[in-house]
Amino acid sequence: MFRTFGVPWPEFNDGLRYNDVVKPSDSELTLIDFYSTKYKNSAPLQGWLQRIHNGQITIDGSVVTEPSTILRSGAELVYHRLPWREPDAPYLLDVLYEDDDMIALNKPSGLQVLPGGLFQQRTVLTQLQWWASGQQPDLASRESHPVPVHRLGRGTSGILLCAKTMKAKTCIAKYFANGTSLIESNSMELSRSRKISKIYRALVSGILKEDKVIIKQPIGMVRYPGVAKGLYVASPSGKPALSKVEVLERHVHDNRTLVQVEIESGRPHQIRIHLSFIGHSLLGDPLYVFGGQPRCFDYEYVDENYAEDGGYEKPTKPVPGDCGYLLHAHQLTLSQPTTNELILIKAPLPPVLQTQSEAT
């Protein structure tokens, strides 16, 4: 029986504070010019004006509501993002494996791993920190830093590996980086050289004819509305990526295929992009379609409407954090950071991703 932990989310989070010190090159800028140009991905011009008029910005500790205030070099700016009600998200986490160096969690679909966008408190990281402080009252005096060492998409469920010490975090991060660097150097000994392996289950649209497929499509970025840093897509000029796909069952009557995927590089949204690239998008994926491209191709569109807090409205077009697709991190194998012992961790499969023999 797996151990479970988690605390229900408060109705509102604590808001956020963003600190800046005015550089000499930014002196003589107005307050509105500073924020609307340096943080235009956070809010449109009118949104920043609203935030200033609301008294959400201080200069050297004093609230300033005049947008045309001239900044001086060395001034300390603080923007206070007001508390808000984050979208619904699960909060319970099953512990699949734990030792002195690491803890492996079974992440539910719908829970974000790290803060970003609308999810600043309702994340795995927050629950992990709350758990650690409760379990280890002397946490501050110990070399313990429980943090995820890789990411899973918000809609992806399954194994999430977290480090409990800085030493373990550094070691496991090198495992992941080593796999990616071997891909980039086109090494033929990749599988033998890796110290970590991840296997996923996925349900894809259509009938995959080949029993096994190796996908080597590079993954790059394009501009995309609602994604400030850009959207990852299949791109000839992108970074190398490698996925090994194996068919487990073909459901001809439902026109879908149950597959197992081993990734030997860790590009963001790699499985979703690679399977859609070969014409078999994850069932229910709201974003990626044939060719590893987004459903919407209007990269230049920007919605200037803003929400109550001054920030951009939630995008009307699909974004990577939208859920609905069926992808589960089922199995992870790695060398234990301290002992070098081979550790195998498995996350129980959702019924929809089980083969007929597993379901009986």
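## How H1 and H2 pack

Helix H1 (residues 31–38) packs against helix H2 (residues 45–53) at about 135 degrees, and their axes lie 9 Å apart. That angle makes H1 oblique to H2; angles under 35 degrees count as roughly parallel, over 145 as roughly antiparallel, 65 to 115 as roughly perpendicular and the rest as oblique. The axes are lines fitted to C-alpha atoms, for helices over the stretch in contact, with angles running from 0 to 180 degrees between N-to-C directions. The H1–H2 crossing is right-handed, the term for a near helix turned clockwise from the far one by less than a right angle, with anticlockwise being left-handed.

On the H1 side, Leu 31, Ile 32, Tyr 35 and Ser 36 make the contact, and on the H2 side it's Leu 45, Trp 48, Leu 49 and Ile 52. Contact here means heavy atoms within 4.5 Å. Sort the residues of this contact by type and you get seven nonpolar, one polar and no charged.

## What the model is

This is a predicted model, where local features need pLDDT of at least 70 and side-chain atom pairs count only at pLDDT 80 or more, while totals for chains, interfaces and linings use all residues. Residues are numbered from 1 along each chain as its sequence is written, and side-chain values use heavy atoms, leaving out hydrogens and water.

## The whole protein

There are seven helices and 19 strands in the protein, taken as DSSP runs (H or I, at least four residues, for helices; E, at least two, for strands) numbered from the N terminus. Of the 360 residues, 49% are buried, meaning under 20% relative accessible area, with exposed being over 50% and partly exposed in between (1.4 Å probe, protein chains only).

Take the contacts between residues at least 6 apart in sequence: 65% of them join residues at least 24 apart.

## A covered helix: H6

Helix H6 (residues 270–277) is mostly covered, with seven of its eight residues buried. The buried ones are Gln 270, Ile 271, Arg 272, Ile 273, His 274, Leu 275 and Ser 276. After H6 comes Gly 279, with a positive phi near 90 degrees.

## Ile 70 in its loop

Ile 70 sits in the loop between strand S4 (62–63) and strand S5 (76–81). Its relative accessibility is 47%, so Ile 70 counts as partly exposed.

Leaving aside residues up to four places away in sequence, Ile 70 touches Glu 28, Leu 29 and Thr 30. The C-alpha atoms of Ile 70 and Leu 29 are 5.7 Å apart, though 41 residues separate the two along the chain.

Notes: Ala, Val, Leu, Ile, Met, Phe, Trp, Tyr, Cys and Pro count as nonpolar, Asp, Glu, Lys and Arg as charged, and the others, Gly among them, as polar.
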